[in-house]
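Subject: Structure handover

Hi,

Here is the structure you were waiting for. Please open it alongside this note.

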Amino acid sequence: MRNPIIPMIAVTGRPTPEQIKHFLYSLHEVGIEQFLIYPRSGCEVAYMSEAWYAVIDAFLRSAEVLEMQVWLYDDFNWPSGHCGGKVVQKEAFRLKSICIRGAERGEIHSGLNRDDFFGYGKFPDLLSEAATDYFIQCTHEAYFTRFKEHFGKTIVGIFTDEPSIAYACGENDVPYYVGMERDYAELTGGKSLSDAIREADETLSETCMRLVNQRFRKCYIQKLSAWCRAHGIVMTGHLLHDDSPYKSARNSGGLLESLSDFMQPGIDEIYSDLHAESELTLWGAIDALAQQNTMAEMFALGPCDMPYAKKRCMLYLAAGFGVNHYFCAISPLDMRGNAIITDFFNCFSALQPDFQGMRLLKEAAMDAALLAKKEHQIDVYIRYPKHCYTRNILKEQSDQPLYALVNELSKMQVQWKFLQEADTSPERADVISFSDALQYLFNGVPVGLDEIRQRYAGKALMLLKTGELPENFFVRRFADGSILALNLSSETVDCCCQGVTISIDGYGVWKSATAETNADGRKSAEISGAFSVDYKNENVIRAMFLNGQTKSTVDCKCVVRCGISVRKGASINLDGKGLRPKETECVLPEGMRELYDGISEVRLCTGIHEICSENDQKYLPSILLHGDFLAEVTSGDVCGVVLSERPRVYYTGEKIPYYGQVTFTQTVQMPENCCGLQLRGSTLYTRIYLDGNLMGESVVQPHVFSWDSLPEGKTVTLCIEQRSSIGPIFGDTAYYDAHISECSWRGTPSTGHTRFGFESVCFLVKDGTDEHGK
C-alpha cells in the first residue's frame, strides 16, 4: 500500500531538472510516494508549451527513479476546462445561459463569467461535446502524445478541479446549450421551452436543471472519465461548492449524481474548520457514493502553522466517511505564487522546519486509509434534498435545515448516511427526507428536530463524566463493532465509553480496537531542574504593514545585531536612512531565500526604531529581520515587533517565542525500570535523544516515547528537540486578517502564537511489583 498523502506540487518560477530532482528527493525522504503536478500562479513557464513539457519530463524522470507515482492536473490554476484560456478563444466554445426571469426572459447570454478568477474573461462551455473534445485534445491528448510510455505506470491519474456550468449565469439565468429546446420538449411531452419561460411554468426551473445536469455529466464528466479509463489512468477531482446543497445544485444541477460519474470522486475540504456548520454535510456527500476509492483535497487555506495533531485528526475524519486518498494543498517549489494568491498559504515541503514530521503523518494516513474501507453502521438514512433547491434555483435558499439535522445527529453519535433522491432505501430502514419547503419527513411523516432528537436519544457511546454529550466530537461505529472517536477541538476531554474512562487530547484520535500508546499503567518520575537551551538557527520575524502603511516599529529591549532580508523589488528605510540590500546568502529557508536580497548585519541600540517599506504581503513580507533574539509581535495602528535577548536556561512551564529548531538539554540519572519518557504541553514536532542516540519522535500529545529498559542509575544526557512550522515568521496573521481592508478569500485563522517548551516531562517506569503485588 502506498502512502495516500498526495502533495499538490505548485510549479513556480522556471524550475530546472536539478531543482525538481532535489525537491522530489526532499519529499521522498519523508515518505511521500505520489504527488500531483499543479500548474499555478507563480509559474513562469508558458503552460502547455515545449518548455512546459520539459518540466513535466523532468518530474517524470525523477519520479521514475524514486518509484513515485504522478498525478497530472488538467488546467492552469482553477477551474478546469479552459486549458489556460485556450478553449474560450473559440467563441462557439464559450459557456451560455438563458434568462428565465425578468425583463430579458428568453434571451441567451454567451460568454459571461461571474467568477473570473484569473482574467480569462470567459468560461468554457462544459455543456458542449465539441468544446470538451477540444479541451481533451489540448490537454489530455497533448500529454499522452508526449508521455505515452508513462501512462498507467508512473502517471496514474488526472485531476479536474471545480468545473461548473454556472460560471456564465447571471442572477436570472440558468445554463443553456444548443438543443436544449428539443430536449425540454422531449422531457415534458411536447411543451415548448420558450412558452414555459413566458408563462413562468412552475416546473421550469427543476426541468432545466435536470436537463443541464444530464448534459454536464454526459459532455464533460463522463467524457473525461471515458478518456482516462481508455488510457489506463484514473479520473479524479471535485466539483464547486460541494459543502452547500443549494450552491452545488446551482453549479452542477446535482452534486451526488455528478460525482458518481468520476472514477475516483472527491470533495474540497480546504478550510480546515472542524467547527463549520457545513463540515459534516460536506464529508457526507462523498460517503453517499459507492466507489471503492474516493479523495479529498485538504488544507489549502491553511493555516501554515496547523499542528500535526489537527492534520492527523482530519485524515481520520475523512476516513470515517470512506475517503482514502488525501491531496494536500499545497507543496510549492518556492513562494513566489504568494505575490498573486495573497490571502492564504499552506505548505507541505521542506520550507517547514518540522517537515520531518511528515513521516509520522504518513503512518496515520495509511492507517486511516485502511479504516476508510470498513463498513460503518447506519441508524438512519437522509435523502439529499436536491429537488428542494432545483425547483426554484434562482431563489437562494438556506442550507440550514440540512446542516442542523446532520450536526444534531452527529452530536448524538447517531450513524447516518445520505441517499441520492433516486436511490431506493434499504428495507425497514429509517429515512429522513424533506418536503418542498425543507420540512423534515421521518419515514414520510412531518416531524420537527426535537422529535428526531427524542427518537434517537440514548444512542451515544461516548459521554462526559456528567453523562452529557461531549461537544465537538465525532464518533463512528463500524459494522464489526469497533469505534473511532475524534476530538475535533484543541482542548483535552475526559469521556466514558462503555464503562471505561478515556482522556482524549486536543485533536486526539481514539480507536477501540487499538487504543493509542499512552502512559497509563506506568509510573512516572518527573524531570525537574534547569535545561540548557540551544537555538539551532537564527530567529526570523517580519516587519508588518497594513492597508498600504509604510511604517512599522522595532522595539529593542537590548542591543541587537540582526540581518535584514528585503523582498526583491521592495525598498527599506531604517530610522530615516535608506539601505541598499544586495543579492547574498541569507538564513531564510530554501524556496524563500531566492526571492529576497539581504543586508548582512545592522546594529540596533536599545529603544524604538522606525522601519519603512512598501507593498507588504501577508505571506510574502517586504521586510524580514533575523538574528539571535526573541521576537514578539505588537499589533495596532502601527504594527511592530519587540526584540529581546534569548534565554540560555529553561525551566519546565516556560514558553519561548521562536521559529525553527530549539533543543533543551539536561544531564539526568535513569530511574530504576525506566521504559520511556512522556512530554506534555506542546503541539510541536518533538524528538528525544539519550547520549546523542535518537530514542523516538512524536507529533501529537501526549508525546510518549517507549524503549526497552536501560541500565539503572546510569547518568545520561537527555536532549529534547522541538521544531516549529514556518508560521512564526509571518507574525500576527490573525490581526492581519481582522484589519486588512481588502481580502478576496480569507485564509483559515492561525492556530495561535508558536511557543517552544513544555508543561511537564517525566520518565516512565515499569511497575516493579509481581503478579502477587510484591
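Below are the findings, by topic.

This is a predicted model: local features need pLDDT of at least 70, side-chain atom pairs count only at pLDDT 80 or more, and totals for chains, interfaces and linings use all residues. Residues are numbered from 1 along each chain as its sequence is written, and side-chain values use heavy atoms, with hydrogens and water left out.

**Buried helices**

Helices (H or I, at least four residues) and strands (E, at least two) are DSSP runs, numbered from the N terminus. Buried means under 20% relative accessible area, exposed over 50%, and partly exposed in between (1.4 Å probe, protein chains only).

Helix 10 covers residues 279–287. It is largely enclosed by the rest of the structure, because 9 of its 9 residues are buried. Among them are Glu279, Trp283 and Asp287.

Helix 8 (residues 245–252) has 7 of its 8 residues buried, so the rest of the structure largely encloses it too. The buried ones include Tyr246, Arg250 and Asn251. Their cover includes helix 7 (204–230), helix 14 (400–411) and strand 7 (173–176); contact here means heavy atoms within 4.5 Å. Just after helix 8, Gly253 has a positive phi of about 85°.

**Strand 27**

Strand 27 (residues 560–567) is largely enclosed, because 7 of its 8 residues are buried. Two strands pair if DSSP finds at least two bridges between them. Strand 27 runs antiparallel to strand 30 (residues 596–604), with 7 bridges. There, Ile564 is opposite Ile599. Strand 27 also pairs with strand 32 (residues 623–627), antiparallel, over 5 bridges. Gly563 has His626 as its bridge partner in strand 32.

An open sheet of 4 strands runs in the order 23-42-37-40, with antiparallel pairing. Strand 23 (523–526) and strand 40 (703–706) are the edges, each pairing on one side only. Strand 23 joins strand 42 (residues 760–765) through 4 bridges. Lys523 stands opposite Val765.

**Cavities**

A cavity is a set of points, on a 1 Å grid over the protein atoms alone, where a 1.4 Å probe fits but cannot get out; lining residues have an atom within 4 Å of a point. A volume is the space filled by probe spheres set on the points. There are 6 cavities of 30 Å³ or more.

Best wishes

Definitions and conventions:
1 Å grid on protein atoms, 1.4 Å probe; cavity = no way out; pocket = protein on both sides within 12 Å on 5 of 7 lines; lining within 4 Å.
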